[in-house]
Amino acid sequence: MYLKSIEVHGFKSFADRIVMKFSDGITGIVGPNGSGKSNVADAVRWVLGEQRVKQLRGESMTDVIFSGTEIRKPLSSAFVSITFDNADHALQVDYDEVTVSRRLYRSGESEYMINGAGVRLRDVNELFYDTGIGKEGYSIIGQGQIDRIMSSRPEDRRELFDEAAGIVKYKVRKNASEKKLESEKQNRQRVTDILSELDNQRVPLEKQADKARKYLDKREKLKNLEVNEFLAESESRIEEINDLQGKIETTQRDLDTKKADFDGAKREYEKVQTRIEELDRQIEEDRNTLNDGNLTASKLEGEINVLKEKIRASEGNRKHFEERIGQIKEELGGLKKQEDEARAKRDETRDSLEKLAAESGKAAERLTEIQLEIDQENERSDSLNSEVMAVLGRRADIKSRIEALGEHLRQCTVRESEINSRVIQSRTDEAEIKGRIDTLSEDFERVASEIKAMDERKKEIEESLATFKGRLSALDRKLTESQAAYHQDKSRLDAMSDIVSRYEGYGQGVRFVMDRTGSYPGIRGAVSDIIRAEKKYETAIETALGGSIQNIVTDDEATAKDLINELKAARGGRVTFMPLTSVKPSQPIKRAEALREKGALGTADTLVSYEPEYENVVSSLLGRILVVEDMDSAFRIARKYDYSLRIVTLQGELLAPGGSISGGSNNRKDSSLLSRKRMVEELRKKVVESKKNAEQAEIDIENTKKERTSMREELTQHDTKHQQKLIEQNTIRMNIEKERERERNNRNSAGSLEEEKAALKDEMAGVTAEKEEAVANLSASQEEERNSGNRSGSPLKEWQSFGRKRPRQRKKQAVLR
C-alpha cells in the first residue's frame, strides 16, 4: 500500500483545486518558507480525522478554510481527498483503491466520505487502526514532534508503541465494550426498577385481564347474536331482492319499448332536421342572389349617372368649339388684310434696295482709301500694344500675387477657424470625458460600498450559520429532555390515574363498593373524593379524618343498606357509609375562644373545599377538630383548655382529648389518599406542558433547519451576486482607465492644436506683410502711370488715344460693309 494522490481545494493557502500525484517510492516537496509545504502535511493529518486545532496551527477549525486575499474572495468550505493504493489489502476493505475525503463548512458542519460514500469519523479511525497511517500514527512526523515524543510522559509514548504494535484497535474496542457494559448495567438497573413497578401493577392487571377475558367472551356471544341477526335479515332481504328483480324486469321491458319509440322519433326528427337544413341552404342561396342583383342594379345606376354627366359635359364643349370657330374665322380675315399690306411693303423695299446698290459702288471706292489708313494705324497700334502689354503684365503679376496672397490669407483664416473649432471641441470633449470619469468614479464608489456591504452581510450570514449548530444542539437537548419528562410524567400519570381509578390503598370493602358504582347511582364516592384541601393542609386534614377518609357517601340509607347486604353476601369486607339523608352536622367546638389563640388556624372543616350538599358530612367529620401550626402551639392550647380539644398540627401530630398524642412517620399506603387527585391534576398539567414543550421543540428544530437551509441558499445567491459585483467593479475600473487614456490623448491633441495655431499666426503675419508689399508696388505702378500720362509722347497715353479712335474706324467699316 502506498499514497497515490492528494486533492486539496479551499484548505488553508490552496484556494484553487490542486491534485498532487505520487508514485511508488519517495517524493519530496520543496519550496521557500511560506510556500505551503507544511499545509500539505496538515491536509493529510486533517483528512485522516484530526480534531485538535493546535495540531493544525490554528485557533478554530474554520481557520483551515481559505480566508481570501485582496484579489480573491474567501471560500465557504475546505475539501481534502487522499487516495491510497490498496492492492495488497493492507486496509481491511474490498477495494484496490481507497479514497478518504473530508469537507468542512464555515457553519462548523463537517462530513467524511470513503470512496464517495458518507461515513462517520469513527469509521475513518477504525479503517486506519494498526496501520500507522492515522492522525496519531507514526507515519506523520510534523515539526517538533520528535522533541515532543522524547520529552513526553511514558504513558503518552506508549500510545505510539501501541500503534506500532498493532493493538490500538483492540484497546479502542475494549474501551467501547467497557462503556457498553456500563450502559448495560444502567439499563439493567432501570429494567429492575421497571419490573418492580410492574410487579406492583401485576395484581391490578390480573383483575383487568379477568375483565378483558369476560369482555372477550361477551363480545364473542355478541358476535354470534349479530351473525344470527344478519342471517335472519339476509333471508328477508333476499325475498325483497327477488321482488325487486321482477319489478326491474318489467321496468326493463317498458324501457325497451320506450327506447324503440324514442329511436323512431329520433329518426323522424333527423329527417325533418335534414329538410330544414336544405331549406335553410336554399333560402341562403336566394338571399345571396337577391343581394347580387341589388349590387348590380346599384352599379348600373352609378354608370348611368356617369354617362349622363359626360353627355352634359359634351354639350358644353360643343358650344365652346362653335364660338371658337367663329373667332378663328374673324382672325383669318384680319390676317389676309395684313398679308396684302405686307406684300405692298415688300414692293417698296425692293425699290429701296436697288437705290442702295447704286450708292454701294461709291462707298466701295471710299472704303479702299480708308483701308489704307487703317493699315497704317494698325502698325502703330501693334508697337503701342507691346509697350502697354509689358506694363499691364507686370501689373497683372502684382495683382495675381496680391490675389494669391489674399487667397492664402483666407485659407489661413479658414484653417485658424478650423483649429479654433477643434480646440473648442477638444475642450468640450475634455469636459464630457471628465463628466464620464466622475460618473464612473461615483459608480465605482457605489459598487465598492455595495461590495463592502455584501461582505459584511456574508460575514453576518456565516456567523449566523455558525450559531445554528449550537442552537440545534440546544434544541435537540431540549427536545430530548422534554420527551423524557413527558414520558416520565405520562408514566407517572398513568400509574397514578390507575391507582386512583382502582382505589388502591383503600380497604377491600371500599374497592368492592366502588367497583359497583355503575349499578348503584346513589354512590357519591369516598370522603377523599368529595373534599379538596390545599397542599399545606393535606397532612393535617388526612390525620384529622383518620380512617374516616375511606367512608363511602351515599344518597340515602337504602343505598347503604343494599351495599351492606351485597358486601355480606360476597364477603367483600366492611365499609362505613354516610348517607346524606341521615348524617347530621357536629356541634360547634366547645371552647370557641381557642380559635383565637396564637398558632390556631381554625377548625378542619373551614380549611377544606367541598360542594354545599356535603356540608353535613364534612361538618360531622371535621367540625370539632382544631388545626394548629406546630406541636408547641398544640401543647400550649391543650394545656390551657385542660386537654379537652382534639388538635391536629400541620405536620400530622394528633392530640386527643384526655392528653394522648399520636405522631411520627406513617408509611402506610393509604397515607396520601387525599393528595392523589391533586397529584393527578398536577401530573396532567405537567404532561400537557411537557408535550407542548416537546412539540414546540420539534417545531423550533424544523424552523431552525429551514432557516439554516434558507441562509445557505442566501449565501449561495450572495456569492453569485458578489461575483457579479466584482465583475461590474472591474468593468468600471477598466472604463475609467479608458476614459483617462482618452483624456490624456485629448490633452495632447489640444497641445498640438495650440502649437499649430501659433505657427499659423506666424505664417499669417508673414503673408500679410508680403501682401502689403505687393499692394505698395501696385500703388507705385499706378502712381507712375498717372505721372507719365501727363507727359506727351507717352506710349500708354498714345495707346489710350488710339483706343478712342479705333472704335470710330470700326464703326465706319461696319457702315461701309
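How many aromatic pairs does the count come to? The count comes to one aromatic pair, where rings of Phe, Tyr and Trp (its six-membered ring) pair if their centres lie within 6.5 Å, and planes under 30 degrees apart count as stacked, over 60 as edge-to-face and the rest as tilted.

This is a predicted model, in which local features need pLDDT of at least 70 and side-chain atom pairs count only at pLDDT 80 or more, while totals for chains, interfaces and linings use all residues. Residues are numbered from 1 along each chain as its sequence is written, and side-chain values use heavy atoms, with hydrogens and water left out.

**Aromatic pair**

The ring centres of phenylalanine 11 and tryptophan 46 are 5.3 Å apart and the planes stand at 40°, so the pair is tilted. Phenylalanine 11 belongs to the loop between β1 (2–9) and β2 (18–21) and tryptophan 46 to helix α1 (residues 37–47), so the pair ties together parts that are 35 residues apart in sequence. Helices (H or I, at least four residues) and strands (E, at least two) are DSSP runs, numbered from the N terminus. Phenylalanine 11 is buried at 0% relative accessibility, and tryptophan 46 is buried at 0% as well. Buried means under 20% relative accessible area, exposed over 50%, and partly exposed in between (1.4 Å probe, protein chains only).

**Salt bridges**

With a salt bridge taken as a side-chain nitrogen of Lys or Arg within 4 Å of a carboxyl oxygen of Asp or Glu, the count comes to 32 salt bridges. Three of these are tabulated.

| Pair | N to O distance |
|---|---|
| Glutamate 462, arginine 106 | 3.5 Å |
| Arginine 708, glutamate 109 | 2.5 Å |
| Arginine 275, glutamate 278 | 3.4 Å |

Glutamate 462 lies in helix α5 (residues 168–502) and arginine 106 in the loop between β4 (97–105) and β5 (110–114), so this pair ties together parts 356 residues apart in sequence. Glutamate 462 is buried at 15% relative accessibility, and arginine 106 is buried at 17%.

Arginine 708 lies in helix α12 (residues 676–789) and glutamate 109 in the loop between β4 and β5, so parts 599 residues apart in sequence are tied together. Arginine 708 is buried at 18%, whereas glutamate 109 is partly exposed at 22%.

Arginine 275 and glutamate 278 both lie in helix α5, three residues apart, about one turn of the helix. Arginine 275 is partly exposed at 48%, and glutamate 278 is partly exposed at 36%. Elsewhere, salt bridges that share partners join Asp443, Arg446, Glu450, Lys725 and Glu728 into one network.
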